[in-house]
Amino acid sequence: MLKETLKWRIQYKPEEIRWEEIAREAETGKIYRANCTDKYGRTVLVMRPSCQNTKSTKGQIRFLVYCMENAILNLPAHQEQMVWLIDFHGFNLSHISVKVTRETAHVLQEHYPERLGLAILYNPPKFFEPFWKMVKPFLDPKTCNKVKFVYSDDGESKKVLEDVFDMEQLEVAFGGNSYSGFDFVKYAERMKEDDARFFGNTVSTTSPLMKDANSDSESSSDMEKTNRDCSEKRITDAPANKEDRPKA
């Protein structure tokens with residue numbers, strides 16, 4: 001695995017990806033590094049699959065790699081793992097892509113092993129259960145054990161969040177008390193500052209991978225609609241009905 005990852009890094013050059021290259025993928029806040037860490041100091045990546053705004057698998061994976069690299073660089077010295085908070089608000093069948101899921105699982109398991117400390121699936125809908133069953137064979141059993149299902153109307157499952165996070169710092173969308181949601185302009189500044197801090201003032205030029213990715217991207221009208229939908233501030237999420245839950 002180490003040899004294959006070294007080959008991959010030489011070819012893919014994840015350390016050369018800069019914010020300017022993947023900024024379009026980030027516009028809706030489908031993946032971003034939270035302002036807070038968990039109680040153990042682990043970096044938190046918030047994921048909102050309903051905010052998907054492109055169709056290019058290559059572009060989406062390259063954006064994911066950028067987010068993973070940035071999350072790792074922001075880990076404290078005593079930590080090697082991160083937390084994923086996956087918000088299923090507004091998620092429907094149109095957001096499911098087996099191809100992207102399979103490619104995502106491959107990149108994460110083969111090139112970022114043991115980087116995931118915990119993945120919290122927040123209010124997944126009923127139809128997610130068959131999809132989860134279909135995805136699980138692609139995942140290592142240890143990875144599956146790190147996945148927790150949490151529902152806003154279930155006191156027992158909410159304890160997962162309370163055990164891991166300072167609720168004063170956690171976003172209200174996840175039952176916390178912080179109103180610091182995603183703001184693209186502010187987040188872009190954070191990422192540019194990180195790029196400069198970790199890599200110096202180097203400017204990325206669009207790679208051949210991104211040129212291919214842009215060729216099959218979504219139309220601008222579709223992207224604008226997704227941007228509008230995902231930019232709406234949610235003070236509280238509608239609670240998921242207990243009968244609509246997949247079994248963890």
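Which residue forms a salt bridge with E21? In this predicted model, the partner is R62, with the closest N and O atoms 2.3 Å apart. E21 belongs to helix α2 (residues 19-26) and R62 to helix α3 (residues 57-73), so the contact ties together parts that are 41 residues apart in sequence. Both ends of this pair lie under the 20% cut-off for burial: E21 counts as buried because its relative accessibility is 9%, and R62 counts as buried because its value is 4%.

The closest N and O atoms of R48 and D87 are 2.8 Å apart, and both residues are buried.

E4 is partly exposed, at 48% relative accessible area, whereas K7 is exposed, at 52%. The two values fall on either side of the 50% cut-off, which is why E4 at 48% is called partly exposed and K7 at 52% is called exposed. Over the whole structure, a search finds 12 salt bridges. R33, D194 and R197 are linked in a network of such contacts.

The sheet comes next. Five strands make up an open sheet with mixed pairing, in the order β1-β2-β3-β4-β5. Its edges are β1 (31-37) and β5 (147-150), each of which pairs on one side only. On average, neighbouring strands of this sheet are turned by 25 degrees against each other, with direction ignored. Strands of a sheet pair through backbone hydrogen bonds, either parallel or antiparallel, and examples of both follow.

Strand β1 runs antiparallel to strand β2 (residues 43-47), and four bridges join the two. Y32 has V46 in β2 as its bridge partner. Although β1 is an edge strand, it is mostly covered, with five of its seven residues buried. The hairpin of β1 and β2 has five residues between the strands, and within this hairpin G41 takes a positive phi near 85 degrees.

T43 is found in strand β2. T43 counts as buried because its relative accessibility is 3%. A polar atom of the T43 side chain lies 3.1 Å from the backbone oxygen of A71.

Further along the sheet, strand β3 (residues 82-87) and strand β4 (residues 116-122) run parallel and are joined by six bridges. Within this pairing, V83 has L118 in β4 as its bridge partner.

What remains is a feature of the surface. Which residues form a nonpolar patch there? They are V98, M134 and F138, and together they have about 220 Å² of accessible area. M134 has its place in helix α5 (residues 128-135).

Technical notes. Residues are numbered from 1 along each chain as its sequence is written. This is a predicted model: local features need pLDDT of at least 70, side-chain atom pairs count only at pLDDT 80 or more; totals for chains, interfaces and linings use all residues. Side-chain values use heavy atoms; hydrogens and water are left out. Two strands pair if DSSP finds at least two bridges between them. Axes are lines fitted to C-alpha atoms, for helices over the stretch in contact, and angles run from 0 to 180 degrees between N-to-C directions. Patches are made of residues with over 30% relative accessible area and no salt bridge: like charges are joined within 9 Å, nonpolar side chains (Val, Leu, Ile, Met, Phe, Trp, Tyr) within 5 Å. Accessible areas come from the Shrake-Rupley method with a 1.4 Å probe; for residues, only the protein chains shown count as cover. A salt bridge is a side-chain nitrogen of Lys or Arg within 4 Å of a carboxyl oxygen of Asp or Glu. Buried means under 20% relative accessible area, exposed over 50%, partly exposed in between (1.4 Å probe, protein chains only). A polar contact is a pair of N or O atoms within 3.5 Å; within protein, one must be able to donate a hydrogen and the other to accept it, and residues adjacent in sequence count only if both atoms are side-chain atoms.
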